[in-house]
Amino acid sequence: MTSSCPQTYSPEHWSVCLQKAVWLQDLEPPLQKALSLHLADLGLFKAVSENEWRLVGFEGLMEDEVAVREFMKKRVSELACTDAGFALVYFLNDPPDRPEPEFFKMDEPAPSVRSKGLFQREKKTLPKGSADPSNLQIVKKVGRQMGSYITLEKEFIARIVGTYTTRAEARKIFNAALVKIRDKAQPQSWEQISRRRHK
């Protein structure tokens, strides 16, 4: 069929197209589905029915796979630069040239404050059976981080949930974004420490 009229395909079909056009190659199918639903909420697709989605704004031939992919790549990149599409940048194979969202930054006490607190407690003589102050400090720190994490998750999910994206799907995107951030940051940190020790 060579008509230029809008054509509909299943969400699974569009998910495959997106994987080829815009996503990193290591994304699992459940995450691809969640991101496709999120893109539908962002306006990339219009659901004619549960199993019929139309690509919004594309006026070419659907048989032209290259044109479809280029259109998707351009539109998803544009959506990643909007406030509503802030989470997309973590999953794109060619992310737009813009700073990564600061949504995932957690507030931490200044190093000098943490150090001062530790040293003050170390000078005190503890009664027998008392908890190690360093352990208490760790518990407090973990508590702060968990509190920040829970707040962060709630805010993230609230921004992602939409007509098509459920809370469960939004949570998949949240968890995957956290993994991408950790994978990107931690190896660099350990590599720098390792180099310093071997100098």
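## Basis and overall fold

A contact is a pair of residues with heavy atoms within 4.5 Å of each other. Among contacts in the chain between residues at least 6 apart in sequence, 61% join residues at least 24 apart. The structure is a predicted model, in which local features need pLDDT of at least 70 and side-chain atom pairs count only at pLDDT 80 or more, while totals for chains, interfaces and linings use all residues. Residues are numbered from 1 along each chain as its sequence is written, and side-chain values use heavy atoms, with hydrogens and water left out.

The chain comes to 6 helices and 3 strands, where helices (H or I, at least four residues) and strands (E, at least two) are DSSP runs numbered from the N terminus. Along the sequence these elements follow the pattern β-α-α-β-β-α-α-α-α. Of the 199 residues, 31% are buried; buried means under 20% relative accessible area, exposed means over 50%, and partly exposed lies in between (1.4 Å probe, protein chains only).

Helix α1 spans residues 11-21, and its buried residues are Pro 11, Trp 14, Ser 15, Cys 17, Leu 18, Gln 19 and Ala 21. The cover over these buried residues includes strands β1 (8-9), β2 (45-49) and β3 (52-55), together with helices α2 (29-42) and α3 (65-80).

## Cysteines

A search of the whole structure finds 0 disulfides, a disulfide being a pair of cysteine sulfur atoms within 2.5 Å. Cys 17 counts as buried because its relative accessibility is 15%. Cys 81 has a relative accessible area of 41% and is therefore partly exposed.

## Residues of helix α2

Gln 32 lies in helix α2 and is buried, with a relative accessible area of 11%. Its side chain reaches the backbone oxygen of Leu 27 at 2.8 Å, a polar contact (N or O atoms within 3.5 Å; within protein, one must be able to donate a hydrogen and the other to accept it, and residues adjacent in sequence count only if both atoms are side-chain atoms). Leaving aside residues up to four places away in sequence, Gln 32 touches Ser 15, Gln 19, Trp 23 and Leu 27.

His 38 also belongs to helix α2. This histidine is buried because its relative accessible area is 2%. With residues up to four places away in sequence not counted, His 38 touches Ala 84, Gly 85, Leu 88, Ile 160, Thr 165 and Ile 173.

Lys 74 is placed in helix α3 and is exposed, with a relative accessible area of 53%. The C-alpha atoms of Lys 74 and Pro 96 are separated by 9.7 Å, the two residues being 22 residues apart along the chain.

Ala 177 lies in helix α6, residues 167-197, and counts as buried at 0% relative accessibility. Its C-alpha atom is separated by 7.8 Å from that of Phe 91, 86 residues apart along the chain.

The structure holds 1 cavity of 30 Å³ or more. On a 1 Å grid over the protein atoms alone, a cavity is a set of points where a 1.4 Å probe fits but cannot get out, and lining residues have an atom within 4 Å of a point. The largest cavity has about 40 Å³ of space, a volume being the space filled by probe spheres set on the points, which are joined across faces, edges and corners.

Val 22, Lys 73, Val 76, Ser 77, Leu 92, Asn 93 and Asp 94 line the largest cavity. By class, this lining has 3 nonpolar, 2 polar and 2 charged residues (Ala, Val, Leu, Ile, Met, Phe, Trp, Tyr, Cys and Pro count as nonpolar, Asp, Glu, Lys and Arg as charged, and the others, Gly among them, as polar).

Note on methods
On a 1 Å grid over the protein atoms alone, a cavity is a set of points where a 1.4 Å probe fits but cannot get out, and a pocket is an open set with protein on both sides within 12 Å along at least five of seven lines; lining residues have an atom within 4 Å of a point.
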